[in-house]
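Here are my notes on the chain you sent. Please read them beside the model.

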Amino acid sequence: MQVCSHTLYTLSKMVTMSEQTRRYHRDATKALLIQDTHDEQFEILQVSIPGATLFFPVYCIILQMAVQFENKEFVPIMFSIMGLHSIAHSITLILSTKSFRSAVMRK
């Protein structure tokens with residue numbers, strides 16, 4: 001909440017940014033604060049992306065070290081899964097945020 005408040009305050013004081021860009025940033029920040037979708041599938045997706053792409057691979061790597069499981073391909077696969085977080089997050093954000101979704105559909 002404080003990060004969003006600070007972001008909105010900073011946007012209001014920016015003089016080097018166009019009004020359209022400022023509006024996009026403000027809308028994106030508000031969308032993160034209060035999601036404007038009521039579709040439960042997107043809410044579940046937003047929660048599952050960090051779990052599947054960050055927490056699960058880290059847990060598996062820690063578990064591998066704890067049980068001393070030796071496999072030279074395991075950790076690179078887990079890091080590859082972690083690398084998918086950014087792409088999955090972006091797609092989820094576009095699908096779950098009305099303003100982003102409509103902007104993508106227009107192009």
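The points below go from the whole chain to single residues.

1. Basis. The model is predicted: local features need pLDDT of at least 70, side-chain atom pairs count only at pLDDT 80 or more, and totals for chains, interfaces and linings use all residues. Residues are numbered from 1 along each chain as its sequence is written, and side-chain values use heavy atoms, with hydrogens and water left out.

2. Overall fold. The protein chain has six helices and zero strands. Along the sequence the pattern reads α-α-α-α-α-α. Helices (H or I, at least four residues) and strands (E, at least two) are DSSP runs, numbered from the N terminus.

3. Burial and surface. Of the 107 residues in the protein chain, 21% are buried. Buried means under 20% relative accessible area, exposed over 50%, and partly exposed in between (1.4 Å probe, protein chains only). The accessible surface of the chain is about 8,100 Å², and carbon and sulfur atoms hold 67% of that. Areas come from the Shrake-Rupley method with a 1.4 Å probe; for residues, only the protein chains shown count as cover.

4. Contacts along the chain. Take the contacts with a separation of 6 or more: 52% of them join residues 24 or more positions apart. Contact means heavy atoms within 4.5 Å.

5. Annotated segments. UniProt, in an unreviewed entry, places the feature "transmembrane region" at residues 44–65 and 77–97. UniProt positions are in the numbering used here, feature names are shortened, and annotations may be inferred rather than shown by experiment. In the model, residues 44–65 are 100% helix and 0% strand, with the end C-alpha atoms 30 Å apart. Residues 77–97 are 90% helix and 0% strand, and there too the end C-alpha atoms are 30 Å apart.

6. Helix 5 against helix 6. How do these two helices pack? Helix 5 (residues 85–96) and helix 6 (residues 98–106) pack at about 95°, with axes 5 Å apart. Axes are lines fitted to C-alpha atoms, for helices over the stretch in contact, and angles run from 0 to 180 degrees between N-to-C directions. The two helices are therefore roughly perpendicular. By the cut-offs, angles under 35 degrees are roughly parallel, over 145 roughly antiparallel, 65 to 115 roughly perpendicular, and the rest oblique.

7. Who meets whom. Helix 5 brings Leu93, Ile94, Leu95 and Ser96; helix 6 brings Lys98, Phe100, Arg101 and Val104. The residues of this contact divide into five nonpolar, one polar and two charged. Ala, Val, Leu, Ile, Met, Phe, Trp, Tyr, Cys and Pro count as nonpolar, Asp, Glu, Lys and Arg as charged, and the others, Gly among them, as polar.

8. Lysine 98. This residue lies in helix 6. Lysine 98 is exposed, at 55% relative accessibility. Its C-alpha atom is 9.9 Å from that of alanine 28, 70 residues away along the chain.

9. Helix 3. Is glutamine 64 buried or exposed? Glutamine 64 sits in helix 3 (residues 40–66) and is buried, with a relative accessible area of 9%. Leaving out residues up to four places away in sequence, glutamine 64 touches Phe69, Asn71, Phe74 and Val75. Valine 58 is also in helix 3. Valine 58 is partly exposed, at 35% relative accessibility.

10. Glutamine 68. Please check the backbone here. Phi is near 55°, a positive value in a residue other than glycine. Glutamine 68 lies in the loop between helix 3 and helix 4 (74–83). Glutamine 68 is exposed, with a relative accessible area of 64%.
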